[in-house]
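Please look through the sequence and the model shown below before reading on. The paragraphs that follow lead from charged side-chain pairs to a sheet, a helix and the pockets.

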Amino acid sequence: MLTLRSLPQLPDPQLRHLGWDWMLGTDTLPYLTNEVVVVTPTEADAYAEAANTLFEMLVEAGQHVIDNNRFAELGIPENLIDLVRHSWDDDRNILLYGRFDLAGGVDNQAIRLIEFNADTATCLPETAVVQYAHLKANGLNDSQQFNALFETLVSQFAEIKRQNDDLTPAILFSAMRDTPEDDTNVALLGEAAREAGFEVAFAYVDEVEFSAEEGIYCFADGEFTRYDFWFKLIPWEYIAHDEPELATILTSLVKQRKTVVLNPAYALLFQSKAILHILWELYPHHPLLLRTETKSILGEPSVEKVLFGREGANIRLLDAAGQPTKTVDGDYGNYPKIYQQYVDFPQDAAGNRYQAGVFFAGEACALGFRRGGVVLDNTAQFVGHIVA
């Protein structure tokens, strides 16, 4: 059984002391718990090693998709294939960060890949700042945590700046309106970019101007400012399907070196859950993988997932006969499906399940947990950890 430790002092005072008052928004802290998961040093190292290994495997899988033109199997929209290929081949287009969702890793359970959130991964403030402040508020040392997320993001931004020194280091961050969780995630990324030497600005995506000839602009303080770097907490597949003209403009801008988009379009290769099937093809029975097929897996329980579902939406749990035992509704039901071998998550004494999230920003750099039921959805709590 998973081990928890109570940390009764909430991190609010520490966050204020750190100057991170913006983290205290109504959408950030309510689902923080008073408990943390106890992780041994060996388990923490294993999470990091697993994420580093899995990313290398994902790169091989992505290259395989490109070399064999398997974009359709991954559900990659046709109007983004050119940009996916180009961004993959140009090493200056660096994946800023992503988050591995993993089963196991504690309570003597083997680590298994559930999926990789490569495009618009959230839980950044909770992982980088809140769980750190939670330790400090309870008089504990931050060395007792696998958590170098903020520092590693700064290093990633610095490397992106170095690799693209022909461009002006000014970056515009964008999210969609009425998504306060996204606002805090983007705010943290902005702080990291600023520390790396970028000039930083924010605008909701409906405030941004896109020109295939000139670049990306934003109107503020009575004038238009052009930005050579654009971070969007907006899924690439949304742009492809809902804003095809924008997909065309971005393809032109990136190929002309008039902008760098983060994360790059090739993040879609890793974001598509069909990459899990490609991984299983390339690395059958690898100890970090779960069997994943494009058709129902009979003879053992499995999970039906849509290629671009988010936050547990449109998932069905299937028994060994392929019959559903739990169905979650959602807005992504029109996407094709994959079938992944079912594995249970570690549980606490109350029967809550825990999914590990390991952030990757050039290397594995931080750990956090989400707690919920048999399917982790947008009501899941964030739970920090302590290495002891």
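Glu115 and Lys273 are both buried, where buried stands for under 20% relative accessible area, exposed for over 50%, and partly exposed for what lies in between, with a 1.4 Å probe and protein chains only. The model is a predicted one, in which local features need pLDDT of at least 70 and side-chain atom pairs count only at pLDDT 80 or more, while totals for chains, interfaces and linings use all residues. Residues are numbered from 1 along each chain as its sequence is written, and side-chain values use heavy atoms, with hydrogens and water left out.

Because Glu115 belongs to strand S4 (residues 112-117) and Lys273 to the loop between helix H9 (267-271) and helix H10 (275-282), the pair ties together parts that are 158 residues apart in sequence; helices (H or I, at least four residues) and strands (E, at least two) are DSSP runs, numbered from the N terminus.

The structure holds 20 salt bridges, and another of them pairs the side chains of Asp348 and Arg371 at 4.0 Å, N to O. Asp348 sits in the loop between strand S16 (337-341) and strand S17 (353-360), and Arg371 in strand S18 (residues 364-372), so this pair ties together parts that are 23 residues apart in sequence. Asp348 and Arg371 are buried, and salt bridges with shared partners join Glu35, Asp348 and Arg371 into one network. In the salt bridge between Asp344 and Arg353 the closest N and O atoms are 2.7 Å apart; Asp344 is partly exposed, with a relative accessible area of 25%, whereas Arg353 is buried, with 18%.

Strand S13 (residues 302-306) and strand S14 (residues 316-318) run antiparallel and are joined by three bridges, with Glu304 opposite Arg316 in S14.

For the 27 residues of helix H2, 1.5 Å a residue gives a span of 39 Å, which agrees with the 39 Å between the end C-alpha atoms; the expected span is 1.5 Å times one less than the number of residues. Just after H2, Asn69 takes a positive phi of about 55 degrees.

The largest pocket contains about 1,100 Å³ of space. Of the 50 residues that line the largest pocket, Arg99, Arg310, Glu311, Gly312 and Arg370 are the closest to its centre. A pocket is an open set of points on a 1 Å grid over the protein atoms alone, where a 1.4 Å probe fits, with protein on both sides within 12 Å along at least five of seven lines, and lining residues have an atom within 4 Å of a point. Grid points are joined across faces, edges and corners, and a volume is the space filled by probe spheres set on the points. Strand S3 (98-103), S4, helix H6 (180-195), S13 and S16 each supply at least two residues of the lining of the largest pocket.

Key:
Pairing = 2+ DSSP bridges.
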